[in-house]
Amino acid sequence: YFERLERAIESRLFDFIGHFDLVKKFGDIPGGDLRRFYGGALDRLEATGVAMELNTAGWRKPVNEPYPSLIILREACRRGIPVLVNSDAHAPGEVAADFDRAYAALHDAGYRSVVRFVGREAIPVPLE
């Protein structure tokens, strides 16, 4: 999964990478230091400037946490990787679902702004 993410990032075809750690969706998370799986993808995000999506749908799934996890968000923030928020809505009631939780998680991770895209340009938006 993460090898394909790395290739997608390197392609520079995408403004942001979504579902960063979707493989945890059903709560099956291996033990130990998980950087062995996702570290290369973070390296590539940092090197390319491609943004990462914080997807709130994970709070509506068995894993009950966003994609990516707070641990990954902290590392992404430390590396200066831009982030945007998405609810991955599949129904009208899911539009902007859990954005308050997402902004709180980002703040806890050290972020003070998110990005939005206009014409493929990342525009910073301060977190309030």
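Which residue follows helix 2, and is its phi positive or negative? I looked there first: G49 follows helix 2, and its phi is positive, near 80 degrees.

**Ground rules**

I am working with a predicted model, where local features need pLDDT of at least 70, side-chain atom pairs count only at pLDDT 80 or more, and totals for chains, interfaces and linings use all residues. Residues are numbered from 1 along each chain as its sequence is written, and side-chain values use heavy atoms, with hydrogens and water left out. Helices (H or I, at least four residues) and strands (E, at least two) are DSSP runs, numbered from the N terminus.

**Helix 2**

I checked the length of helix 2, residues 35-48. Its 14 residues reach 19 Å from first C-alpha to last, close to the 20 Å expected at 1.5 Å a residue; the expected span is 1.5 Å times one less than the number of residues. I then listed its buried residues (buried is under 20% relative accessible area, exposed over 50%, partly exposed in between; 1.4 Å probe, protein chains only). They are Y38, G39, G40, A41, L42 and L45. These pack against helix 1 (2-11), strand 1 (16-17), strand 2 (51-55) and helix 3 (70-78), where contact means heavy atoms within 4.5 Å.

**Helix 3**

In helix 3 I found I72, L73, E75, A76 and C77 buried. They pack against helix 2, strand 2, strand 3 and helix 4. Just after helix 3 comes G80, with a positive phi of about 80 degrees.

**D21**

I went to the loop between strand 1 and helix 2 for D21. D21 counts as buried because its relative accessible area is 6%. Its side chain makes a polar contact of 2.9 Å with that of K24. For a polar contact I used N or O atoms within 3.5 Å; within protein, one must be able to donate a hydrogen and the other to accept it, and residues adjacent in sequence count only if both atoms are side-chain atoms. Leaving aside neighbours within four places in sequence, D21 is in contact with F2, P66, Y67, P68, S69 and I72.

I traced three strands in an open sheet, order 1-2-3, with parallel pairing. Strand 1 and strand 3 (83-86) are the edge strands, each pairing on one side only. Two strands pair if DSSP finds at least two bridges between them; strand 2 and strand 3 are joined by four. One partner I noted is L84 in strand 3, for E53. Helix 4 (residues 99-109) packs on the sheet, touching strand 2 and strand 3, and its direction makes about 160 degrees with that of strand 3. Axes are lines fitted to C-alpha atoms, for helices over the stretch in contact, and angles run from 0 to 180 degrees between N-to-C directions.

**T56**

I found T56 in the loop between strand 2 and helix 3. T56 counts as buried because its relative accessibility is 0%. A polar atom of its side chain lies 2.8 Å from the backbone oxygen of A97. Not counting residues up to four places away in sequence, T56 touches V85, N86, S87, A97, D98, F99 and A102.

**The hairpin**

Last, I looked at strand 4 (residues 113-118) and strand 5 (residues 121-126), which pair in the antiparallel sense over six bridges. They form a hairpin with two residues between them, and G119 in the turn has a positive phi of about 55 degrees. For V115, the bridge partner in strand 5 is P124.
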